[in-house]
Amino acid sequence: MRAFRAVAGLVLGAALLAGCGPAASAGGDDTPPKTSTGSAPSPAGSASGSGTGPTASPTASPTASRVPAPGETLVRVTRTGGFAGQTHTLIVKGDGSWTRLDAKAKTEGTGTMPSAGLAALRTALQEADFAHLPRIATGGPTIYDGYFYTFVHGGYEVAGDQGSLPPALTKVVDALPSFTAG
């Protein structure tokens with residue numbers, strides 16, 4: 001049952017990612033263009049090539065220092081599970097405005113993060129270093145009726161059960177607006 005929830009969460013997250021926002025028809029605003037090898041391009045100023053040598057592998061994600069435009073998505077997080085098995089998605093834009101969606105991608109709430117909260121979220125996202133996180137976090141304790149999270153930031157998607165999230169992703173969750181009203 002737990003594996004089914006995880007797969008269902010990933011499928012739902014992918015469906016939401018494919019259909020959310022006005023940029024979805026233009027290729028999305030969260031994913032960097034792919035090179036002919038299928039990988040993301042090297043950040044400006046770094047060497048590209050075989051991946052060997054001291055300048056070939058960046059130490060931070062290509063978008064870590066780039067500030068998104070006000071209408072551009074900063075982060076998208078889907079939370080699935082819990083005792084009631086609910087799904088909610090938070091989309092936070094570069095200007096701090098946010099939208100909360102239900103399982104059917106219908107708007108449940110909107111708002112704007114205070115500047116201090118947005119700064120804390122940006123710091124948590126930068127410290128998480130999405131480029132170097134495992135795509136699916138595993139190995140933590142099982143939390144029955146816990147949540148499964150899917151994060152999209154800077155062209156990277158990472159996911160994991162509540163008990164398996166690295167501390168850096170837990171800080172991101174803590175910096176987000178509430179997943180539920182009230």
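Guide: A contact means heavy atoms within 4.5 Å. In the protein chain, among contacts between residues at least 6 apart in sequence, 54% join residues at least 24 apart. This is a predicted model: local features need pLDDT of at least 70, side-chain atom pairs count only at pLDDT 80 or more, and totals for chains, interfaces and linings use all residues. Residues are numbered from 1 along each chain as its sequence is written, and side-chain values use heavy atoms, with hydrogens and water left out.

Visitor: How many helices and strands does the protein chain have?

Guide: Start with how they are found. Helices (H or I, at least four residues) and strands (E, at least two) are DSSP runs, numbered from the N terminus. Here there are 3 helices and 7 strands. Along the sequence the pattern reads α-β-β-β-β-α-β-β-β-α.

Visitor: In what order do the strands form the sheet?

Guide: Strands of a sheet pair through backbone hydrogen bonds, either parallel or antiparallel. Two strands count as paired if DSSP finds at least two bridges between them. In this model, 7 strands form an open sheet in the order 4-3-2-1-6-7-5, with mixed pairing. Strand 4 (107-112) and strand 5 stand at the edges with a single partner strand each, so one side of each has no neighbour in the sheet.

Visitor: Which strand does strand 5 join?

Guide: Strand 5 runs parallel to strand 7 (residues 156-161), joined by 2 bridges. A137 stands opposite G160 there.

Visitor: Which strands pair with strand 6?

Guide: Strand 1 pairs with strand 6 in the antiparallel sense over 6 bridges. R76 has V152 as its bridge partner. Strand 7 also pairs with strand 6 in the antiparallel sense, over 6 bridges. There, T150 partners A159. The hairpin of strand 6 and strand 7 has 2 residues between the strands, and G154 takes a positive phi near 60 degrees.

Visitor: Why is strand 6 said to be largely enclosed?

Guide: Look at accessibility. Buried means under 20% relative accessible area, exposed over 50%, and partly exposed in between (1.4 Å probe, protein chains only). In strand 6, 6 of the 7 residues are buried, so the rest of the structure largely encloses this strand. Across the chain, buried residues make up 37% of the 182 residues.

Visitor: Which residues of helix 3 are buried, and which are exposed?

Guide: In helix 3 (residues 167-175), the buried ones are L169, V172, V173 and A175. The arc is that of the directions from the helix axis to the C-beta atoms. Down the axis of helix 3, the buried residues fall within an arc of 165 degrees, so they line one face. P167 and D174 are exposed on the other side. The buried residues pack against helix 2, strand 6 and strand 7.

Visitor: Where is F130, and what does F130 touch?

Guide: F130 lies in the loop between helix 2 (115-128) and strand 5 (136-137). At 1% relative accessibility, F130 counts as buried. Leaving out residues up to four places away in sequence, F130 touches L125, R135, F151, H153, Y156, V158 and L169.

Visitor: Which residues do ring pairs link into a cluster?

Guide: Rings of Phe, Tyr and Trp (its six-membered ring) pair if their centres lie within 6.5 Å; planes under 30 degrees apart count as stacked, over 60 as edge-to-face and the rest as tilted. The whole structure holds 4 aromatic pairs. Ring pairs link F130, Y147, Y149, F151 and F179 into a cluster.
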